[in-house]
Amino acid sequence: MQNPNVVSRLNRLPISRFHKITLLAVSFAYFFEFADTNTFATTAPKLIKLWGVTVDQIAYVTSLSFVGMFLGSLAAGWIADRWGRKKALTWTTVWFAVFSLTSVFSWDVVSLGFFRVLTSAGLSAMTVVAVIYVSELFPAAVRGKYQAYAIVIGICGTPVTNLIASAVVPLSDWSWRLVYLWGAMGLFFVLFIRHLKESPRWYESMGMPERADEVLREIEDMVSAEKGPLPAPEAPVAVAPQAKAHVRMLLQKKYLAPTLLLSLLWVTQTIGFFGYSSWAPTLLSKQGFSVESSIFYVALTTVGAPLGSFIAALVSDRFERKWSLAVFGTAIAISGLLYGLTFNPIMIVAFGFLVNMFERGYTAVAYAYSPELFDTRARSLGTGVSYGLGRLSNAVGPLIIAALYNGSGYQSVFIFIAGTWLVGALAVAFFGPKTRVRAAAAVEAASSQAAAGSSDAPR
């Protein structure tokens, strides 16, 4: 098999219109993924009054949604490996948008819960594929920054959706359905399809070097037409075909450690983030705040999310990612704890703003960090399994939070959430491998060895 040196050819490309269109498409998908993630949380206080939904029922719906996310994450890795990153990104985005649309027509908490499980499967699958897609198309030296930029744009879906919900949910007994209709706008992702390219790295990993070279030439022609002549890539080298990835491969020493670490990272992130975002409106309303006030306060706090992603874009490629994750995680734990200890509306908004800001910074860096711990062969599988296990963990997270709230009260929930974030931050700090230094060294090595025809390249 002839290796067209996909990695070195992609890494030498300057950021161009091709990259920006790709970034815009992924950001659009993220926007409605983040929008749709919070739709149930923002409508739950209304459903408590309309349908007599209990805290325990909200917990079950939320838990089952995370089972859907787990299944979606596993399916995403298989779909992305079997049919390609571009098709997988399209199918998963359309999937979650269609089932968000069906949620508009739900008639009780059981039907809504069923539709939310299917929606959640698509949401999680899309995220896994999008992370891989950006990681494989953007140059190694700046991929962390552009992963974060995609989140900067996409995360705006959270405050926009919460502000829309705060305006429309109180209007009537049916207007809460408009929140799910808004989430279905992700269907317009299909308008981007013709502008996107399949990942050449996927073609290469599937033993199709001719197709990889064809797509690369198309990309290079677009970039050179805009930016001028490109640096010469490395000379092609012959390599042996790789066997297909199987789940048992993750038990090998090479992959087991990163899989375990990332699983813990995503378990703590999932329980910590969704424990806060999925429950904040309901818990505030249970503490005596009106439905309108609780949704509005939470909407104000999510304004901090885009700022956090922007901060991540500034630090992701400048500092070692594991230390950025540790700092962000510790800051979330402190801010979340203080959020739970106050009942002053101004302080609730202030500490909630900080939670959202630091959490989105954490997640943006984690999206860049996760796929870097695997090579191309294991990237979609390892990322999907670890991310999926994180989502599956929150099948019990809401039940724990409901039990803590019913047994020990409001503040115990936020003590638990803070502790969860701290565990994740410490695990990454002590056991997380460094990736930024390794990638930078590989980029430099690839540049210096290109003339000699070396096959080393950053992944």
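Leaving out residues up to four places away in sequence, Phe-34 touches Ile-151, Gly-154, Ile-155, Gly-157, Thr-158 and Arg-360, where contact means heavy atoms within 4.5 Å. That is a handy place to start in this predicted model, where local features need pLDDT of at least 70, side-chain atom pairs count only at pLDDT 80 or more, and totals for chains, interfaces and linings use all residues. Residue numbers run from 1 along each chain as its sequence is written, and side-chain values use heavy atoms, with hydrogens and water left out.

**The whole protein**

- The protein has 21 helices and two strands; these are DSSP runs numbered from the N terminus, with helices being H or I of at least four residues and strands E of at least two.
- Of its 459 residues, 60% count as buried, with buried meaning under 20% relative accessible area, exposed over 50%, and partly exposed in between (1.4 Å probe, protein chains only).
- Among contacts with a separation of 6 or more, 85% are between residues 24 or more positions apart.

- Phe-34 sits in helix H2 (residues 17-37) and counts as buried because its relative accessibility is 5%.
- Phe-34 and Gly-157 are 123 residues apart along the chain, yet their C-alpha atoms are separated by 5.4 Å.
- Thr-22 is also found in helix H2, and its relative accessible area of 0% is why it counts as buried.
- Not counting residues up to four places away in sequence, Thr-22 touches Tyr-133, Leu-137, Phe-138 and Leu-196.

**The nonpolar cores**

- The largest nonpolar core has 92 residues, and those with the most contacts inside it are Val-26, Tyr-30, Leu-89, Leu-265 and Leu-325; such a core is a set of buried Ala, Val, Leu, Ile, Met, Phe, Trp, Tyr and Cys residues joined through side-chain atoms within 4.5 Å.
- Helix H6 (residues 109-137) gives this core its largest share, 11 residues.
- Another core, of 16 residues, lies apart from it and includes Val-53, Leu-112, Val-168 and Val-179.
- Beyond its neighbours within four places in sequence, Leu-89 is in contact with Val-26, Met-126, Val-129, Ala-130, Tyr-133 and Phe-189.

**Helix H5**

- Helix H5 (residues 85-103) has 19 residues and should span 27 Å at 1.5 Å a residue, which agrees with its end C-alpha atoms being 27 Å apart; the expected span is 1.5 Å times one less than the number of residues.
- The buried residues of H5 include Arg-85, Leu-89, Phe-96, Phe-99 and Ser-103.

**Helix H16: Ser-324**

- Ser-324 lies in helix H16 (residues 321-340) and counts as buried because its relative accessibility is 8%.
- Setting aside neighbours within four places in sequence, Ser-324 is in contact with Val-315, Phe-319 and Val-365.

**A nonpolar patch on the surface**

- Leu-101, Phe-105, Trp-174, Leu-178 and Leu-181 make a nonpolar surface patch of about 490 Å².
- Trp-174 is in the loop between helix H8 (157-168) and helix H9 (177-183), and it counts as exposed because its relative accessibility is 52%.
- Patches are made of residues with over 30% relative accessible area and no salt bridge, with like charges joined within 9 Å and nonpolar side chains (Val, Leu, Ile, Met, Phe, Trp, Tyr) within 5 Å; a salt bridge is a side-chain nitrogen of Lys or Arg within 4 Å of a carboxyl oxygen of Asp or Glu.

Conventions: Accessible areas come from the Shrake-Rupley method with a 1.4 Å probe; for residues, only the protein chains shown count as cover.
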